[in-house]
Amino acid sequence: MRGLTHRAVDAAAGLPTGTTSAYFRTRSALLTALVRRLVELDQAELGRAAAQAPALRTPADLVDGLAALVAARTGGAGRRRSLARYACVLESVRDPELRDILVPRENPGRDAVRAFLAGRGVADPEARTLTLLACVDGLVLDRVVAGEEAVGRGTEQIEGLVAAALRP
């Protein structure tokens, strides 16, 4: 987070020095804009994934969908965005405005998981959905922190998480 400065953003974007500070006067405003953009990108990604994914009919379908999400968030540009997201989450501990922006949001992917769990007769599908997705987020964090050696792991863990979410 120390590297997030107006000057660094200008340089990374190839803009003249001072451009970013003309739009975001303070570091706090810059950080807030960053967090809003990360949430916007995440919501768009989740919406696209839900639109492209086949309907969830079996637990294996749910495992496959969650594994695809983990892969998207732990490789390439997704990994960089995940690192930025987690840095912002830590920063939000001291900033209630950031915390409010980072609160999990409704999206088609979350809706699909909740509907799948409800269709399976799970008690309190909303709470189970939030718990399952929080655990998947933890798996993403673990894989991002572990780096390259974590690539390829995860399906067994996701199967276990889905099985736990489906327990009566």
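Reader: Is threonine 17 buried or exposed?
Author: This is a predicted model. In it, threonine 17 has a relative accessible area of 63%. The threshold for exposed is over 50%, so threonine 17 counts as exposed.
Reader: And where is threonine 17 found?
Author: Threonine 17 sits in the loop that runs between helix H1 (6–13) and helix H2 (19–23).
Reader: Which residues does threonine 17 touch, not counting those up to four places away in sequence?
Author: Threonine 17 touches Arg7 and Asp10. As for histidine 6, 11 residues separate it from threonine 17 in sequence, and the C-alpha to C-alpha distance is 8.2 Å.
Reader: Let us turn to another loop. Is asparagine 107 buried or exposed?
Author: Asparagine 107 has 8% relative accessibility. Buried means under 20%, so asparagine 107 counts as buried. The loop that holds asparagine 107 lies between helix H6 (96–102) and helix H7 (108–119).
Reader: What does the side chain of asparagine 107 lie 2.8 Å from?
Author: A polar atom of that side chain lies 2.8 Å from the backbone nitrogen of arginine 110. The side chain of asparagine 107 also makes a polar contact of 3.5 Å with the side chain of glutamine 43. Leaving aside neighbours within four places in sequence, asparagine 107 is in contact with Gln43 and Leu46.
Reader: What is leucine 66 in contact with, leaving aside neighbours within four places in sequence?
Author: Leucine 66 is in contact with Leu132, Leu133, Val136, Ile158 and Val162.
Reader: How do H4 and H8 cross?
Author: Their axes come within 10 Å and cross at roughly 40°. H4 and H8 are therefore oblique to each other. The crossing of H4 and H8 is right-handed.
Reader: Which residues meet there, between H4 and H8?
Author: From H4, the residues are Leu62, Leu66, Leu69, Val70, Arg73 and Thr74. They meet Leu132, Leu133, Val136, Leu139, Val140, Arg143 and Val144 in H8.

Terms used: Residues are numbered from 1 along each chain as its sequence is written. This is a predicted model: local features need pLDDT of at least 70, side-chain atom pairs count only at pLDDT 80 or more; totals for chains, interfaces and linings use all residues. Side-chain values use heavy atoms; hydrogens and water are left out. Helices (H or I, at least four residues) and strands (E, at least two) are DSSP runs, numbered from the N terminus. Buried means under 20% relative accessible area, exposed over 50%, partly exposed in between (1.4 Å probe, protein chains only). Contact means heavy atoms within 4.5 Å. A polar contact is a pair of N or O atoms within 3.5 Å; within protein, one must be able to donate a hydrogen and the other to accept it, and residues adjacent in sequence count only if both atoms are side-chain atoms. Axes are lines fitted to C-alpha atoms, for helices over the stretch in contact, and angles run from 0 to 180 degrees between N-to-C directions. Angles under 35 degrees count as roughly parallel, over 145 as roughly antiparallel, 65 to 115 as roughly perpendicular and the rest as oblique. A crossing is left-handed if the near helix is turned anticlockwise from the far one by less than a right angle, and right-handed if clockwise.
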